[in-house]
Amino acid sequence: MKKSLIISLLCSLAATLPALAETPADLTDLQMAHVGYVADNLDIQYGHLALALSTTPAVREFATTMISDHSAVNDQALALLAKLGAQPEDNFLSQALNAGGVELVNKFSALRGAEFDLAYAENEVAYHKAVIGIVENDFIPNIENAELKALYTQGLVIFKEHLTHAEAMLAAVK
């Protein structure tokens with residue numbers, strides 16, 4: 001799995017963006033909040049799957065970190081939304097992530113052993129690169145709410161650490 005399914009989905013989605021007249025940067029704060037929540041939930045789901053299917057220590061350690069860290073970020077996001085009395089808003093990007101996530105879980109579920117470990121590790125590297133790019137280039141510069149911007153800025157630091165950890169995991173399973 002050289003290219004993450006999510007990355008492929010986002011690239012194909014990008015080709016249709018003129019028809020949608022929306023880009024990630026055009027999303028509202030509440031839509032961006034929902035994308036973050038969906039992306040975190042997907043990585044939590046992938047982590048649980050990795051814990052169920054892998055016996056490789058590097059993979060299991062990474063998966064445990066993903067579950068813990070992304071759950072914490074989501075808890076902070078939900079607390080902020082509750083404080084603001086707001087609800088996240090579904091949008092083209094969160095829908096694409098959900099659809100791609102279902103497909104990816106189905107593919108991962110059919111894999112075992114080293115094949116699963118490699119696919120999971122490659123996906124995590126690609127997934128974190130994509131998330132970092134969108135958060136850094138599209139979301140943070142365009143978020144209007146200072147608290148949401150601070151949450152994404154804090155999350156970006158964590159996502160970059162995850163990328164480094166994912167790259168080390170990938171090297172360990174190759």
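Q: What does Ala-166 touch, not counting residues up to four places away in sequence?
A: Phe-62, Glu-124 and Val-125. Contact here means heavy atoms within 4.5 Å. This is a predicted model: local features need pLDDT of at least 70, side-chain atom pairs count only at pLDDT 80 or more, and totals for chains, interfaces and linings use all residues. Residues are numbered from 1 along each chain as its sequence is written, and side-chain values use heavy atoms, with hydrogens and water left out.

Q: Where does Ala-166 sit?
A: In helix H6, residues 146-173. Helices are DSSP runs (H or I, at least four residues), numbered from the N terminus.

Q: Is Ala-166 buried or exposed?
A: Buried, with a relative accessible area of 0%. The cut-off for buried is under 20% relative accessible area, with a 1.4 Å probe and protein chains only.

Q: How far is Ala-166 from Val-59 in space?
A: 8.9 Å, C-alpha to C-alpha. In sequence Ala-166 and Val-59 are 107 residues apart.

Q: Switching to H3. Which of its residues are buried?
A: Among them are Val-59, Phe-62, Met-66, His-70, Asn-74 and Leu-81. The buried residues of H3 pack against H2, H6 and helix H5 (113-139).

Q: What follows H3?
A: Gly-85, with a positive phi near 65°.

Q: At what angle do H2 and H3 pack?
A: About 155°, with their axes 8 Å apart. H2 covers residues 29-53 and H3 covers 57-84. Axes are lines fitted to C-alpha atoms over the stretch in contact, and angles run from 0 to 180 degrees between N-to-C directions. H2 and H3 are therefore roughly antiparallel, a label for angles over 145 degrees.

Q: Which residues of H2 and H3 meet?
A: Including Leu-30, Tyr-37, Ile-44 and Leu-51 in H2, and Arg-60, Ile-67, Ser-71 and Leu-78 in H3. The contact of H2 with H3 has 12 nonpolar, eight polar and three charged residues. Nonpolar is Ala, Val, Leu, Ile, Met, Phe, Trp, Tyr, Cys and Pro; charged is Asp, Glu, Lys and Arg; the others, Gly among them, are polar.

Q: And H4 with H5, how do the axes cross?
A: At roughly 170°, coming within 12 Å. H4 is residues 92-109. H4 and H5 are therefore roughly antiparallel to each other.

Q: Which H4 residues meet H5?
A: Leu-93, Leu-104 and Phe-108. By class, the contact of H4 with H5 has eight nonpolar, one polar and no charged residues.

How values were computed. Helices (H or I, at least four residues) and strands (E, at least two) are DSSP runs, numbered from the N terminus. Angles under 35 degrees count as roughly parallel, over 145 as roughly antiparallel, 65 to 115 as roughly perpendicular and the rest as oblique. Buried means under 20% relative accessible area, exposed over 50%, partly exposed in between (1.4 Å probe, protein chains only).
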